[in-house]
Amino acid sequence: MPTELQPRAPSTPQIARANDGISLSDVSRAYRDQRGASVQALASVSLHADHGELLAVVGPSGCGKTTLLELICGLQSPDRGVLQCSPAALMPQRDLLLPWLSALDNAALALRIAGLPRAEARARAAELFAELGLEGFEAAHPHELSGGMRQRVAFLRTLLSGKPVLCLDEPFGALDAITRAEMQAWLGRALEREPRTVVLVTHDVEEAIVLADRVAVLSPRPGRLRAEIEVDLPRPRSRTDAAVIALRERALSALGLGAAAGQEMGMRTGMDSGTAAGMGSAP
Ligand SMILES: Nc1ncnc2c1ncn2[C@@H]1O[C@H](COP(=O)(O)OP(=O)(O)OP(=O)(O)O)[C@@H](O)[C@H]1O
Ligand SMILES: [Mg+2]
C-alpha cells in the first residue's frame, strides 16, 4: 500500500522520494537542559531504509537513539538537515499502555483511532494474541500483566497501526531470554508476511545482526554514524552462525568495544552466559 513520503525539516523545503522508506540527511538535534545549556543529542546523521528494510540502530546509552526515532515519527523536528519519511508508528521505550483499558483494547487502540468499530478492532487484535503468547489475558489490565507481557501488547498496538514505517525502541528489552528469542523469530515471520520498513533500536548487538538488513552504529553522545554494516545473510539466521558472529564482532569493534567492555557499558554482546543453546542474550 504505497503512501506518499512526507518531507520534514525545520527550514529547508524538501523533495519527497517515491517509496515507503525513510531518509535522513545530515540531521542534527540538540536539547536545552534545565540551566539552558545546549545538549547535542545527534550530530550530522545520514541514514536511509528502503521500503521493507529493517534498519537496526545500536549505540551507547544517551547517544540519541530515542531522539532519532522521535524525529522519524514526527514527534520532534531536526535543528539541521533533511528528514523524509512515510507515516511512522512508534513503540516507545516505556510501554505507555493506558491503565484503564484491557490488554485487548490497548492492542486495538490504533485501529480504533483509525476509525474501526470496536468489535472489529478487537477481533483483529485478538487474532494475534495467541501468537504472542497473550491468549487468556485479553481482559487483563496493564497492572495485571508482567513487564514482558505489557511490552508485547505495546508491540502489537504498534504493528496494528498499519503505518508503513515502524519505529521500535528496545521492543524486547524487558523480556527474558527465551521469550526474547521467540519474539525475534515472530517479528521476522510477521515482516515476511506483511513487509514494513522498520527502525529497530536495540542494545543487543546480536539481536541487531540476527534481525536487520543493515545495522547503523552510533558513537557516544552526540550520536554520529560510526559505521553501517550490511547484513546480507539468508533468514532465518542463527546466532551461532559463523557469519553472524563475524558481523557481531564488526559491530562491536565499530562501537569501540571488546565483548567484556560491551557488557560493562550495558551493551548486550551475545556473548553473555545463556546463549550457548541459541536462546539469545541473557537479560
Ligand atoms: N526532552 C529532553 N530534554 C533535554 N535533554 C534531553 C531530552 N531528551 C533527551 N535528552 C538528552 O539527549 C541525549 C540523548 O537522549 P536519548 O533519549 O535520545 O538517548 P538514547 O540513545 O535513547 O539513550 P538510552 O539508550 O539510554 O535510551 C541524552 O543526553 C538526554 O539526556
Ligand atoms: Mg532511548
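This is a chat about a predicted model of a protein chain with a ligand.

Trainee: Before we start, what should I know about the numbering and the cut-offs?

Mentor: Residues are numbered from 1 along each chain as its sequence is written, while chains are lettered from A and ligands numbered from 1 in the order in which they are written. The model is predicted, and local features need pLDDT of at least 70, side-chain atom pairs count only at pLDDT 80 or more, and totals for chains, interfaces and linings use all residues.

Trainee: How many helices and strands does the protein chain have?

Mentor: The protein chain has 9 helices and 10 strands, where helices (H or I, at least four residues) and strands (E, at least two) are DSSP runs numbered from the N terminus. Buried residues make up 43% of its 283 residues; a residue is buried if 20 or more other C-beta atoms, placed from the backbone, lie within 10 Å of its own, exposed if 12 or fewer, and partly exposed in between.

Trainee: What is the strand order in the open sheet?

Mentor: The open sheet has 6 strands in the order β6-β7-β8-β4-β9-β10, with mixed pairing, and two strands count as paired if DSSP finds at least two bridges between them. Its edge strands are β6 (88-91) and β10 (225-230), each of which pairs on one side only. On average, neighbouring strands of this sheet are turned by 15° against each other, direction ignored.

Trainee: Which pairs are parallel and which antiparallel?

Mentor: Parallel pairing joins β6 to β7 over 4 bridges, β7 to β8 over 5 bridges, β4 to β8 over 4 bridges, and β4 to β9 over 4 bridges. β9 and β10, by contrast, pair in the antiparallel sense over 5 bridges, and a hairpin joins β9 to β10 through 6 residues.

Trainee: Are the faces of β7 covered or open?

Mentor: Both faces are covered, with V165, C167 and D169 buried on one side and L166 and L168 buried on the other. In general, the side chains of a regular strand alternate between the two faces of the sheet.

Trainee: And why is β9 described as largely enclosed?

Mentor: Strand β9 is largely enclosed by the rest of the structure because 4 of its 5 residues are buried.

Trainee: Which strands does helix α8 touch?

Mentor: Helix α8 (residues 242-254) packs on the sheet and touches β4, β9 (214-218) and β10, and its direction makes about 175° with that of β10. Such angles run from 0 to 180 degrees between N-to-C directions, with axes taken as lines fitted to C-alpha atoms, for helices over the stretch in contact.

Trainee: Switching to the ligand, which residues come nearest to ligand 1?

Mentor: Of the 13 residues around ligand 1, Y31, S61, K65, T66 and T67 come nearest, a residue being near if its C-beta atom, placed from the backbone, lies within 6 Å of the molecule. The largest share of this shell, 3 residues, comes from α1, and both β3 (38-49) and α1 (65-72) supply at least two residues each.

Trainee: Is α1 buried or exposed?

Mentor: Helix α1 is largely enclosed by the rest of the structure, because 7 of its 8 residues are buried: K65, T67, L68, L69, E70, L71 and I72. Just after α1, G74 takes a positive phi of about 80°.

Trainee: What does I72 touch?

Mentor: Leaving aside its neighbours within four places in sequence, I72 is in contact with I22, C85, A88, V165, C167 and V199, contact meaning C-beta atoms, placed from the backbone, within 7 Å.

Trainee: One more, where is L211?

Mentor: L211 is found in helix α7 (residues 205-211), and L211 is buried, with 25 other C-beta atoms within 10 Å. Not counting residues up to four places away in sequence, L211 touches L54, A56, Q184, L187, G188 and L200. The C-alpha atoms of L211 and R237, which are 26 residues apart along the chain, are separated by 7.8 Å.

How values were computed: Two residues are in contact if their C-beta atoms, placed from the backbone, lie within 7 Å.
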